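Thanks for coming. I will walk through one structure today, from the overall picture down to single residues. Please have a look at it first.

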Amino acid sequence: MMAKDELRAAVAEAVKRSEGRLYDEVIAEHQLAGLPGLTVDCRGAATRGALWQIAVGYVLRPHPASDVALSEPLTTPTLMDWTASPAAESLDAKPSFLYVQRLPDGWLAEETILASTSHPTDADFCLLRARLEARLASLQGEGWRDDLQIVEEELVAIPMGTTAAGSKALAFGARDGFIHPATGYSVGTALQEVDGFLDRVGATQARSKHTGLGHSGVKRTGLGRSGANLMGLARRANVTLARALRRIGSLLVAEADTEDVQSFFAAFFSLSTADQLAYLSGRSGLRTARTMWRLRKNTGWVHPVLLPLYRRPWRYLRFGLQRN
């Protein structure tokens, strides 16, 4: 949980001290080349080809006049509770899970569709709101509205599995494809990538200032550049592999029914914490592949979530490698 206003203020101050400028107004792609100096594109994710994470959440706390406390399930931090909501609905409705997290002004209870192949609609939000309220009635009691305040409602629509938008400027954050295809997380990745990004900024500035060296200097510089290029290619290949594997996994989940998703995630959460984190964070394709291989021991080869991959492998491969 981050104090976003303070973070934005700190970024603005850092940019000011470096004699840079933040452009708050809309900048079109063709205008980037005309901006002075080094430009970093942080305009957010390009959503073409994205999967969508959709959620409705309530920040809850007891009414001041009420002596009723929040029930234990609503005050226990929970990443994914795939137990089906008691809300009445059609059998083909998209599966969702309950997420619970402590906030400064109460407890957030959020009903989330992990991955959807279609852009969020009002019907999706209505579905999730009904599921969330049915869960609250089940966990807190039918009179939960009399006992609890809804401090805030949160509507979530996160484009996941996007890639760099092909900007001519250096890109960072969601614009550079940092949004995790399986979780919707991106802040942790952005923090981890800062040092590497600054190295690339430095290299870009050095190339622009390079005026040529003697013969031996050119030779050393060429070797150094070749090594850096190879390392850069290997890193990009590893990132691309992670994105592709996670996009394939998210599409399989998006197309599965509730019971199959429940079984699949039960198998996933039986893995070691290290294996789970390898899939849920970072951008290493090799670590992601290792977790998927170990997951196979828990799911078997013919788990219902995995079967479509065998029936139409090229469809999932194309989706995994699709770029914006």
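Residues are numbered from 1 along each chain as its sequence is written, and side-chain values use heavy atoms, with hydrogens and water left out.

Which residues pair with glutamate 193 in salt bridges? One partner is arginine 235, with the closest N and O atoms 2.4 Å apart; a salt bridge here is a side-chain nitrogen of Lys or Arg within 4 Å of a carboxyl oxygen of Asp or Glu. That pair links distant parts of the chain, since arginine 235 lies in helix H6 (residues 215-254) and glutamate 193 in helix H5, 42 residues apart. Helices (H or I, at least four residues) and strands (E, at least two) are DSSP runs, numbered from the N terminus. Arginine 235 is partly exposed, at a relative accessible area of 33%.

Glutamate 193 also forms a salt bridge with arginine 283, and there the closest N and O atoms are 3.6 Å apart. This pair, too, links distant parts of the chain: arginine 283 is in the loop between helix H8 (273-280) and helix H9 (285-299), 90 residues from glutamate 193. Both glutamate 193 and arginine 283 are buried.

**Other salt bridges**

By the same rule, the count for the model is 13 salt bridges. As background, side chains of opposite charge can pair when their charged atoms come close. Another of these pairs is aspartate 41 with arginine 43, with 2.8 Å between the closest N and O atoms. Is aspartate 41 buried or exposed? Aspartate 41 is buried, because its relative accessible area is 1%. Arginine 43, at 32%, is partly exposed.

**Cysteines**

How many disulfides are there? The count is zero, a disulfide being a pair of cysteine sulfur atoms within 2.5 Å. Cysteine 42 has 54% relative accessibility, so it counts as exposed. Cysteine 126 is partly exposed, with a relative accessible area of 47%.

**A nonpolar patch**

Met2, Leu7, Val11, Leu22, Val187 and Leu191 make a nonpolar surface patch of about 520 Å². Helix H1 (4-17) and helix H5 (187-209) are the elements that give two or more residues to this patch. Patches are made of residues with over 30% relative accessible area and no salt bridge, with like charges joined within 9 Å and nonpolar side chains (Val, Leu, Ile, Met, Phe, Trp, Tyr) within 5 Å. Accessible areas come from the Shrake-Rupley method with a 1.4 Å probe, and for residues only the protein chains shown count as cover. Valine 11 sits in helix H1 and is partly exposed, because its relative accessibility is 40%.

Tyrosine 316 is in helix H11 (residues 313-321) and is buried, with a relative accessible area of 2%. What does tyrosine 316 touch, leaving aside its neighbours within four places in sequence? Its contacts are Ile248, Leu251, Leu252, Glu255, Pro308 and Leu309, where contact means heavy atoms within 4.5 Å. Leucine 252 is 64 residues from tyrosine 316 along the chain, and their C-alpha atoms are separated by 8.5 Å.

Glycine 177 is in the loop between strand S7 (170-171) and H5. Glycine 177 is buried, at 16% relative accessible area. Ten residues along the chain separate glycine 177 from valine 187, and their C-alpha atoms are 12 Å apart.

**The whole model**

Eleven helices and seven strands make up the secondary structure. The C-alpha atoms fill a box of roughly 80 × 50 × 35 Å along the principal axes. Of the 324 residues, 39% are buried. Among contacts with a separation of 6 or more, 74% are between residues 24 or more positions apart. The accessible surface is about 18,700 Å², and 57% of it belongs to carbon and sulfur atoms.

**Confidence**

The mean pLDDT is 86, and 90% of residues reach 70 or more; pLDDT is the predictor's confidence in each residue, from 0 to 100. Over residues 211-220, pLDDT stays under 50, and the model has two contacts there beyond four places in sequence. Where pLDDT is low, the predicted coordinates should not be read in detail.

Definitions and conventions
Buried < 20%, exposed > 50% of the residue type's maximum accessible area, 1.4 Å probe, protein only.
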